Amino acid sequence: MNPASNISKSRPDFALEARYYTQEAFFTAARDQIFFRTWQFAGHASQLKNPGDYLCFTIFEQDLFLIRTRDAAGGSGALRCFFNVCQHRGHHLLNGQGNRRLITCPYHAWTYALDGQLRAAPNSDQVPGFDTQKICLSEIKLEEFCGFVFVNLDPNAKSMDECYPEVRAAIVKACPDIETRKYAYEHHCNEHCNWLLAVENYNECYHCPVAHKAFANGVIDPGSYDIQPFGAGRCLRHASLATQSEVAWYDVSGSDYCSFYLWPAMSIQIYPGAMVNTYHWRPLAVDNTVVYRGWYSADGEMDADLQKVMELDRDTTFAEDLKLVKSVQRGLNNRGYRPGPLVLDPQGGIRSEHSIASLHQWLHEALA
Ligand code: FES
Ligand SMILES: [Fe+2]
């Protein structure tokens, strides 16, 4: 089956056919044509401060790691991203997160410098022509964007600013100290659904007044909430005034709510009062995705307000969404499901699903 030929048959003003979320062919096509060609969030620069600090992560089946190199003076150099695989016979190099002066493969002890260059290989002087200078770890593109580290497996990928024009400036405007924010906390969970279902659910707030009463009263002002494509790239901007309600989760005065979803699997959110947090998703299987929630503060600590909001979000919005998407994934396997029309309100607003239509358009373009 060619997913591209099928997607063109779907109606733009309707929910997609279930197969987009349930069939392996679409999952594989999304891997190759979306996730291996777009910018993926890997971590926050503040998580890798010192030379040799590293952080492992995986995009589909591709194991990768970020590492902080050393500059000429011995201080912290640039961040780089390598495939987590030894160039000898393919063993995995690093696990989890930590610090290394050198990267030594556990299999035969080939040893690489922080810049990926092979330094030593036991007994290799017996091999005619063996040249450590010619062997280097495989590297992928990396960019820092407002302190967030993104990587791209496509060597020809356009820059973040070309893919998401105007977004960097808008984030800096909403949170002027964004570049110096520090990673404070992250939690994650398996979402038992397809990645596309997860990001569709994230990018519409038609369900917020129904399913997220705590968020809809405690953080945002539902009457002002809107989601629109932003900046001529594949970005959706969520924007709202801060809640006016007496049940606000914290002192929301100062600034409003906005979030910038960057296709396909990351969103930078700025809650009222410049409270910075993120969502990102990593697909595990056609019906399983890991969702991550990150929180960032000026000093890398969770102050009382941040801790409270993180916990309230985790126990309400985040938990509520887990149930919703699990139910929908099950429903998509129900033979009785016929995709219904999207509720597209020309005025936009919280009760419109026009953002879903944008996602479907981007999906269509990527798979075409
Ligand atoms: S596979 Fe790494 S040293 Fe042999
Ligand atoms: Fe939700």
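Strands β16 and β17 pair in the antiparallel sense, over 9 bridges. I use "paired" where DSSP finds at least two bridges between two strands, and the strands and helices are DSSP runs numbered from the N terminus, with at least two residues of type E for a strand and at least four of type H or I for a helix. The two strands form a hairpin with 2 residues between them. Within this pairing, Pro 283 has Thr 289 of β17 as its bridge partner.

Before I continue, a word on conventions. This is a predicted model, in which local features need pLDDT of at least 70 and side-chain atom pairs count only at pLDDT 80 or more, while totals for chains, interfaces and linings use all residues. Residues are numbered from 1 along each chain as its sequence is written, chains are lettered from A and ligands numbered from 1 in the order in which they are written, and side-chain values use heavy atoms, with hydrogens and water left out.

Let me turn to the sheet as a whole. It is an open sheet of 7 strands, in the order β11-β17-β16-β15-β14-β13-β12, with antiparallel pairing. At its edges are β11 (182–191) and β12 (226–229), each of which pairs on one side only. From one strand to the next, the twist averages 15°; axes here are lines fitted to C-alpha atoms, for helices over the stretch in contact, and angles run from 0 to 180 degrees between N-to-C directions.

How many of the residues of β17 are buried? The count is 10 of the 10, so the strand is largely enclosed by the rest of the structure. Buried means under 20% relative accessible area, exposed over 50%, and partly exposed in between, with a 1.4 Å probe and protein chains only. In a regular strand, side chains alternate between the two faces of the sheet. In β17, Asn 288, Val 290, Tyr 292, Gly 294 and Tyr 296 point one way, and Thr 289, Val 291, Arg 293, Trp 295 and Ser 297 point the other.

Asn 288 itself, in β17 (residues 288–297), has a relative accessible area of 14%. Its contacts, meaning heavy atoms within 4.5 Å, are Asn 190, Glu 191, His 192, Cys 193, Asn 194 and Pro 283, leaving aside neighbours within four places in sequence.

Next, the helices. Helix α5 (residues 167–174) lies across β13 (235–240), β14 (257–262) and β15, and runs at about 155° to β14. In helix α3 (residues 24–35), the buried residues include Phe 26, Phe 27, Ala 29, Ala 30, Ile 34 and Phe 35. Seen down the axis of α3, its buried residues fall within an arc of 165°, so they line one face of the helix; the arc is that of the directions from the helix axis to the C-beta atoms. In helix α10 (residues 354–367) we find Ser 358, which is buried at 10% relative accessibility. Beyond four places in sequence, Ser 358 is in contact with Pro 229 and Leu 236.

I come now to the cysteines. The structure holds 1 disulfide, defined as a pair of cysteine sulfur atoms within 2.5 Å. Cys 205 and Cys 208 form this link, with their sulfur atoms 1.9 Å apart. The angle about the S-S bond is -100°, and the link is left-handed. Cys 205 is buried at 3% relative accessible area, and Cys 208 is buried at 4%. Cys 193 is buried, at 0% relative accessibility.

Finally, some backbone geometry. Most residues other than glycine have a negative phi, and most peptide bonds are trans. The peptide bond from Trp 263 to Pro 264 is cis, with omega near 5°, and Pro 264 lies in the loop between β14 and β15. Asn 123 has a positive phi of about 65°; this residue, in the loop between β8 (118–120) and β9 (139–145), is exposed at 57% relative accessible area. Cys 146 also has a positive phi, near 60°. Cys 146 lies in the loop between β9 and β10 (148–152) and is buried at 1%.
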